[in-house]
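Q: I have a structure open and want to learn how to read it. Can you take me through it feature by feature?

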Amino acid sequence: MTIEQQWTTRARKQVVAVLPPDKLLPDTQPNYVSSWIYVFGVATLAALAVVIGTGCVLSLGGPVWWHNSSFGNFVNSLHLWSVEIFFFTMVVHLWGKFAMAAWRGKRAMTWMTGVITFLTSIMAAFTGYLSQSNFDSQWISTQAKDGINATGAGAFFNVLNMGQMLMWHIVLLPLAAVLLTIVHVILVRIKGVVPPIAETDNA
Amino acid sequence: MQLGALFPLNHLGRYLHWHFINISVSNLIVMGLMVTAFIVAVLAPFPGRNERGGKK
């Protein structure tokens, strides 16, 4: 076997062909990207980083420690408010991209990974409500069970099972959201930021 | 001073009810802020837009 036939060599060449380093980490962007509407995507990424970081700190002591700790309360508040900012900026980003018809130019996968990330994030938020380990989460779980059971999903997704909801909230859903976000950003890098509609009409 | 002392939080939320629509005032405020942020983001000039040496 020659070096050219090695899977590492072939994989590297394919990756560099699809996403060369100057596309992965560009130093300039088109002029139309100089708009506040493009700030909200990266603001969503920044908020996600704070959500994950504060969630990791909360997980250090288990599911209930932060109720009786001023530091824990502070980190929990950071977790809550970074989630608020995450959804706020993500929704404005969504509206902006919808108005731009950002799926143009073979960017359907970029759009769809964004949609699925949004839905995954909503699931992560809902299981977060169920993981508060207080009366609020108990009340929400008893209200949610009827809706979930009506869909049939209650057989394997039991909102009354705090352990199961906590695992979904801190392992499965964040993992899915972060992986989908990475794919979404890589697709933006490969295809580039969608040009304004007027720009493509004139082209 | 804690922020919670400035904004009394130990009471039921205020809700607006119109026909089948029932929404809390706080949710309505957040939605209004999102719409405002969207409009401002589209209309407000971005600093240094003309001086940047970006691609055409």
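Q: Which residue stands opposite Trp18(B) in strand 2 of chain B?
A: Keep in mind that this is a predicted model. The residue facing Trp18(B) is Ile21(B), in strand 2 of chain B. The two strands, 1 and 2, of chain B pair in the antiparallel sense over 4 bridges.

Q: How many residues lie between strand 1 and strand 2 of chain B in the hairpin?
A: The hairpin has 2 residues between its strands. His19(B) sits in that turn. Strand 1 covers 15-18 and strand 2 covers 21-24, with His19(B) in the loop between them.

Q: Is His19(B) buried or exposed, and why?
A: Count neighbours. His19(B) counts as exposed because it has 5 C-beta neighbours inside 10 Å. The cut-off for exposed is 12 or fewer.

Q: What pattern does chain B follow along the sequence?
A: List the elements in order. Chain B reads α-β-β-α. That comes to 2 helices and 2 strands. Of the 56 residues in chain B, 2% are buried.

Q: Why does the span of helix 2 of chain B agree with what it should be?
A: Compare the expected span with the distance between the ends. Helix 2 of chain B (residues 25-43) has 19 residues, so at 1.5 Å a residue it should span 27 Å. Its end C-alpha atoms are 27 Å apart, which agrees.

Q: How many of the 19 residues of helix 2 of chain B are buried?
A: The number is 1, so helix 2 of chain B lies largely in the open.

Q: Where is His79(A) placed?
A: His79(A) is in helix 4 of chain A. His79(A) counts as buried because it has 20 C-beta neighbours inside 10 Å. Beyond its neighbours in sequence, up to four places away, His79(A) touches Val51(A), Thr54(A), Gly55(A) and Leu58(A).

Q: What does Leu173(A) touch, not counting residues up to four places away in sequence?
A: Leu173(A) touches Thr120(A), Met123(A), Ala124(A), Thr127(A) and Trp168(A).

Q: Where does Lys106(A) lie?
A: Lys106(A) is in the loop between helix 4 and helix 5 of chain A. Its phi is positive, about 60°, although Lys106(A) is not a glycine. Lys106(A) counts as exposed because it has 8 C-beta neighbours inside 10 Å.

Q: What domains does the assignment of chain A give?
A: Chain A is assigned domain 1 (36-85) and domain 2 (101-194). Their C-alpha centres lie 16 Å apart. Domain 1 of chain A puts 7 residues into the contact and domain 2 of chain A puts in 8. Helix 3 (residues 39-60) of chain A supplies the largest share of the domain 1 side, 4 residues. That side divides into 5 nonpolar, 2 polar and no charged residues.

Q: How many residues does the contact take from chain A and from chain B?
A: Count each side separately. The contact takes 15 residues from chain A and 13 residues from chain B. Helix 4 (residues 70-99) gives the most to the chain A side, with 5 residues. By class, the chain A side has 9 nonpolar, 6 polar and no charged residues.

Definitions and conventions:
Residues numbered from 1 in each chain as written. Chains lettered and ligands numbered in written order. Predicted model: local features only at pLDDT ≥ 70, side-chain atom pairs only at ≥ 80, totals over all residues. Contact = placed C-beta atoms within 7 Å. Nonpolar A, V, L, I, M, F, W, Y, C, P; charged D, E, K, R; others polar. Domains from an automatic or database assignment. Expected span 1.5 Å × (residues − 1). Pairing = 2+ DSSP bridges.
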